[in-house]
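Dear colleague,

Please find the structure below.

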Amino acid sequence: MENKGKMMVALVVLGLLVQGTIAHPCGSTFFSALVQLIPCRASVAPFSPIPPNEACCTAVKVLGQPCLCVLVNGPPISGVDRSMAMQLPEKCNVNFEPCELAEKKE
């Protein structure tokens, strides 16, 4: 029961954050792009056989290539395979240019 309460609070917070990004969906920030693409999480988990659902594809189309590239070039995301995330436009039948990968400094 406690986990459901925490999940509900997280969803409310995410909903408020999403609502604040409607004017410019991506906002060129990692976090706002991540929040918008939550419906895609199951499709980009490592080794996931799950194809992107309609909500995911709609988010990819609405947000566009720049938002996806913000995620691809941002900090690592636990439970997200970047190469699978880069395949979302193709799997959703969206014609985006490929993201240019930023060089990672080690």
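A disulfide here is a pair of cysteine sulfur atoms within 2.5 Å. By this rule the count comes to three disulfides. The model is predicted, so local features need pLDDT of at least 70 and side-chain atom pairs pLDDT 80 or more, while totals for chains, interfaces and linings use all residues. Residues are numbered from 1 along each chain as its sequence is written, and side-chain values use heavy atoms, leaving out hydrogens and water.

Cys40 and Cys56 form a disulfide with their sulfur atoms 2.0 Å apart. This pair links Cys40, in the loop between α2 and α3, to Cys56 in helix α3, 16 residues apart (helices are DSSP runs of H or I, at least four residues, numbered from the N terminus). The S-S torsion of Cys40 and Cys56 is about 105°, so the disulfide is right-handed.

Cys57 is joined to Cys92 by a disulfide, S to S 2.1 Å. With a torsion of about -75°, the disulfide of Cys57 and Cys92 is left-handed. Cys69 and Cys99 are likewise joined by a disulfide, and their torsion of about -95° makes that disulfide left-handed.

Ser43 lies in the loop between α2 (30-36) and α3 (54-73). Ser43 counts as buried, at 4% relative accessibility (buried means under 20% relative accessible area, with a 1.4 Å probe and protein chains only). A polar atom of the Ser43 side chain lies 3.4 Å from the backbone oxygen of Ile50. The C-alpha atoms of Ser43 and Cys56 are separated by 8.5 Å.

Kind regards

Terms used. Helices (H or I, at least four residues) and strands (E, at least two) are DSSP runs, numbered from the N terminus. Buried means under 20% relative accessible area, exposed over 50%, partly exposed in between (1.4 Å probe, protein chains only). A polar contact is a pair of N or O atoms within 3.5 Å; within protein, one must be able to donate a hydrogen and the other to accept it, and residues adjacent in sequence count only if both atoms are side-chain atoms.
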